[in-house]
Amino acid sequence: MKKGEILERSMLPLVKRAGKAFPCVLLTGARQVGKSTLLQRFLPKGVKYVSLDDFATAAAAKADPAMFLETLGCPACIDEIQHAPELLRAIKVRVDAARRPGMYFMSGSQRFGLMKGVTESLAGRIAVLELGTLSQRELAGKGAKVPPYRPEKPLDIMKDAPVCPMAELYKRIWNGGYPGLMCSRDMPRDLFFSSYLQTYIERDVSALTQVADKGAFQDMMYAMADLTGQQLVYSDLARNAGVSMPTVKRWVSILETSGIITLLRPYSTTTPKRLTKAPVLHFMDTGFCCWLAGIKTPQELSMHRKLNGHILESWVFGQLMRRYANCGDMPLMHFYREAKGAEIDLLIERAGTLYPIEVKRSLTPSASDLKAMHGIPLGGRKLAPGVVFCPIQTPLPLGDKNLALPISAI
C-alpha cells in the first residue's frame, strides 16, 4: 500500500447489491472507518450528497424533516444521519409512497440510538451494513471481491494470500487499519489515536449517554485494552475503573454498539455449570488496542509476555469478522471454555456443523492444540476438523484432517 492511496473496500459490491434490493441502505461502523468515503465513491452521478456533520444542515433537517427531504431530492445520500434522527420518519413516508430500490443511502456512527429509530421507522425497508477498519487484504490492495472464510474449505484461504514473515505480521497487527492513519503520508500515530479517543468520548459517548466522569470512562478503555482476547469479568473491570458494576456494563455496551469492541459469547447447548459464562472481549482494531495498551512498536508487541497472544487472537477474530461482514454472510460465532480451563478460541457454526479454530503464537503447532474440541457438547450438531492459525508460512497437516494455517493468510 502506498501512502495517500485510496483503497478499494471489500464491502463495495455488497453496498451496490443492497442498493438494488432495498429502498434504503444504512452504513454503520465506528468513527473514521471510511463510511463517508465508501458511499461517495459508490454514488452514481446525479445523487445528491449531504453531510449532517454541518451544524446548520443538521439544524435544518431537524426543524422541518419533510421540507429538508423535498429540497434534497431523491435519490440522495445523507451522511452522519444520527445528528438528525427526525429524518427517519419522514424518509419512511417518502419510501412508502414510492417504494423503489436505491432511494436513500445513509451513514451513521452512533448506532446505539440510531438503530432504535431505524427499527421503529424503516423496518423491512432498509439494509443495515456495518463497516470495519481496513482489513489486511484491503491494505494489500486486494479489497475487491474478497470471499468470506469458508470453514468447510479452509485451504481456500491460501488463494492470493498475503502471507508474510513473523516480523511483518506483527507490524500489520500493530498498525491496525484506520484509513486516516494508514492512508496518510504524514499523520503521527500518537496524535491520530489521542485525537480519536478524545473525539470519540466528547462526541459519540457524550451524545449516547450522560457520562459523569469522562476520565473514568477513558481509564476504563485503557484497562480494557489489557483484557483483549480474554474473558471480561465486569466486577474486576469496575474495581479497576473505580465505578459501579452497572455503570461499567452500560459503558461496555456503548463501546460494543459503537463498533470499538465485540463481546464474543460462550458456546453451550444448555449452559451447563462446567462451562464458563463470561464473554471474551475483542478490540476490533488492534492498532487502537496497542496504542491504548501503551505498546510503542511492533517489536515490543512481538515480545510482550502478557498481551502478545491475546492481541494475536483478537486480530484473527477481527479479520474473520471483516471477511464475513463485507460479504453480508455472518455465521454464528462463539468461543468454548470449560471452568477447568479447556478451551477453543473460536467456534464457527454453519448448517448444524461446528468448526473449531485455535490461535497460537507457536511456530510448531500440533494436534494437542485442538484437544479441547473433543469435549464440546454437540447437542445434535456435527463436529468438523479443527484449524490452528499460527505464524507459519505454509499449511501443515495435523492428523485426522486437522490443519495448521498461516495467520497472515486470513
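I take contact to mean heavy atoms within 4.5 Å, and helices (H or I, at least four residues) and strands (E, at least two) to be DSSP runs numbered from the N terminus.

**Ground rules.** This is a predicted model, where local features need pLDDT of at least 70, side-chain atom pairs count only at pLDDT 80 or more, and totals for chains, interfaces and linings use all residues. Residues are numbered from 1 along each chain as its sequence is written, and side-chain values use heavy atoms, with hydrogens and water left out.

**Confidence.** I looked up pLDDT, the predictor's confidence in each residue, from 0 to 100. The protein chain has a mean of 90, with 95% of its residues at 70 or more.

**Helix α1, residues 12-21.** I found Leu12, Leu14, Val15, Ala18 and Gly19 buried (under 20% relative accessible area; exposed is over 50%, with a 1.4 Å probe and protein chains only). Down the axis of α1, the buried residues fall within an arc of 160° (taken from the directions from the helix axis to the C-beta atoms), so they line one face. Lys20 and Ala21 are exposed on the other side. The buried residues of α1 pack against β1, α2, β4, β5 and α16.

**Helix α3, residues 55-63.** Here Thr57, Ala58 and Ala61 are buried. Phe55, Ala56 and Ala63 sit exposed on the face turned away. Cover for the buried residues of α3 includes β2, α4 and α5. At the start of α3, I noted a side-chain oxygen of Asp54 within 3.3 Å of the backbone nitrogen of Ala56.

Definitions and conventions. A polar contact is a pair of N or O atoms within 3.5 Å; within protein, one must be able to donate a hydrogen and the other to accept it, and residues adjacent in sequence count only if both atoms are side-chain atoms.
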